[in-house]
Amino acid sequence: MTIKKVLVAVAATALAVASQAQGIMGGHVTGNVQADAQMSRADSTIGAREVEECLLLNTRADILYQNGGFSAGLRFEMYHNPLLGFDAEWKGQGLAHYFVAYNSERLSVTVGHFYEQFGSGLILRSYEDRYLGLDNAIFGLNVALRPWQGVTVKALAGKQRHYWGLGDGLVRGVDAEVNLAEAVRPLQGGKLRAIIGAGFVSKYEADAMILADQPGYRLKLPLNVGAGAVRAELGWGGWSLQAEYARKGQDPSVVNDYTYREGEALTATLAYSQRGFSATLQAKRVENMAFKSMRTIPGQQLYINYLPAITKNHTYAFLTMYPYATNVMGEQGLQGDVMWKVKKDTWLGGKYGMDIRLNSAVVCGLDTTRTGGAGTDGYSVNSGSGPLLFGEASVEVARKLSKTVKLTLTYAYQAFNPVVEGELPGLYHNNIVVADATWRVSKQHTLRFEGEWMGSDSRRDASAGHTDPRLGDWLMGLVEWSIGSHWFVSLSDQWAYNDGQGNYYNISAGYTHGATRLQLGYGKQRRGMLCIGGVCREVPASNGLTLSLTTSF
């Protein structure tokens, strides 16, 4: 009997027993269900293709049983067929995630699928994001020991999930973290906050027939690739400083064109906060840090590590139209963020006060010189910065105008280089204005109005290869009506009024009751990129119905 069958049997037995004996054994069962459906038809004006299936469906159900320190879980997933923008490899159904675990004050053990992160993720972050179609869970063994107060030691080994199977590479890692303010008696109860940590991760993958650039030669591939990192976090009063440095050994793969240069990454964050004010300064440098458990797999699947974004996460449509995507091969950047809560009953804050947020970020490539192809170091790094990849400066002001009306105004300037999405290099300069007003008409009725404008110097030019539907100048309007705590109706339209492509209208309605939410929508979706935390997937154009249901118990 394989370990997979054993784990499924144990988890299923625990869940079955719990369903019959809740309250008797002291355990309880929780879970959640999510279903997203889509219907789309051809639309030549926006480039939406014909979909053979009448209905596309992504569904998942998670069930978790807990009894004291013991827990077991199962996840059923079904993709028939995957929504537009999700890889066709997701097509299918079955138990995609299962585990049994034990957790106590001193020890945690998980067998099966698990998610784990060392530090900020520079050398290891196992996680899933259902909206990106990303799940790199590790199937194996994960152990955490807490031998003394403030000390945690982790060890893990396993293979990563790859759609409905497992990748060939074996991932192994150890990590140790010490909270000095808890572990060292003289520092306990003091003002100083200090945490230090270090980790090491290796992956083993069998040899493969990869040819070098020179005819008749094949690459001698490293079967074991290691990556190590050290980190520290210091705090005193309102100040805090976090820093982490990681280095990776020679790791030729399809991502770096099978070159042998080692990789490294450095992140640092300096922050200050007090009542009503906070400021943050972040810095990041990355070079050749694509760390995958299978060297021949392109795209976002099977990444062992994660490189955090260094730009602000936006929610408004035009502010996310040209999203930032982390360049794993090489980038360096800075971000500054200031938040100020102006007191009420002052000349600037007015009767109700005001929130002001300033943000600025710039990300550049590395200045490199190519020295060879596959089987060589590939390039050398020069001093200075490479081309600008992304830049942004924004100001956001939120103010309550009366007891029933709140207004938020945002202005942003963006510079975007489409080379980060694999397009022709260049720079688009965008000016974006957003006005968001909420009016509480009565206890049961709330109206929200949103208007956006984007002026851009980007222009369509098919002869030069510039056919991105995002190009040009845009207008957007949105009206949302909330009825009590249960119902809402929303109507929006995005219009490329100057040298763009398409008129993207959407109407949606939703109902919420307790932990259950149902939403139905109809409209057009522009082709573009969906990015979360610097990780992206392409979203194709579509025209049709969408239905979403989520519930938990």
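I began with the accessibility scale, on which buried means under 20% relative accessible area, exposed over 50%, and partly exposed in between, with a 1.4 Å probe and protein chains only. I was working on a predicted model, in which local features need pLDDT of at least 70 and side-chain atom pairs count only at pLDDT 80 or more, whereas totals for chains, interfaces and linings use all residues. Residues are numbered from 1 along each chain as its sequence is written, and side-chain values use heavy atoms, with hydrogens and water left out.

**Entry 1: the whole chain**

I looked up the secondary structure and found two helices and 28 strands, where helices (H or I, at least four residues) and strands (E, at least two) are DSSP runs numbered from the N terminus. For overall dimensions I noted that the C-alpha atoms fill a box of roughly 70 × 60 × 60 Å, taken along the principal axes. Buried residues make up 43% of the 553 residues. I counted contacts as heavy atoms within 4.5 Å, and among contacts between residues at least 6 apart in sequence, 58% join residues at least 24 apart.

**Entry 2: Asn-256**

The side chain of Asn-256 reaches the backbone oxygen of Asp-251 at 3.0 Å, and a polar contact of 3.3 Å joins it to the side chain of Asn-288.

**Entry 3: salt bridges**

I took a salt bridge to be a side-chain nitrogen of Lys or Arg within 4 Å of a carboxyl oxygen of Asp or Glu, and by this rule the count comes to 33. Arg-247 forms one with Glu-262, the closest N and O atoms being 3.1 Å apart. Arg-247 lies in strand β13 and Glu-262 in the loop between β13 and β14, so this pair ties together parts that are 15 residues apart in sequence. The side chain of Arg-247 also meets that of Glu-264 in a salt bridge of 3.1 Å, N to O, and this pair links β13 to β14 across 17 residues. I noted relative accessible areas of 38% for Arg-247, 35% for Glu-262 and 21% for Glu-264, and each of these residues is partly exposed.

I then turned to Arg-448, which forms a salt bridge with Asp-436 at 3.0 Å between the closest N and O atoms. Arg-448 is in strand β21 (residues 445-456) and Asp-436 in strand β20, so parts 12 residues apart in sequence are tied together.

**Entry 4: nonpolar cores**

I defined a nonpolar core as a set of buried Ala, Val, Leu, Ile, Met, Phe, Trp, Tyr and Cys residues joined through side-chain atoms within 4.5 Å. The largest has 26 residues, and those with the most contacts inside it are Phe-318, Tyr-322, Met-454 and Trp-474. At least two residues of this core come from each of β18 (379-400), β19 (405-416), β20 (428-440) and β22 (473-483). Apart from it lies another core, of 22 residues, including Phe-118, Leu-122, Ala-246 and Val-286.

**Entry 5: Ser-458**

I located Ser-458 in the loop between β21 and β22, where it counts as buried at 2% relative accessibility. Beyond residues up to four places away in sequence, Ser-458 touches Tyr-322, Tyr-428, Leu-471 and Gly-472. Its side chain makes a polar contact of 2.7 Å with the side chain of Ser-456, and a polar atom of the Ser-458 side chain lies 3.2 Å from the backbone nitrogen of Gly-472.

Conventions. A polar contact is a pair of N or O atoms within 3.5 Å; within protein, one must be able to donate a hydrogen and the other to accept it, and residues adjacent in sequence count only if both atoms are side-chain atoms.
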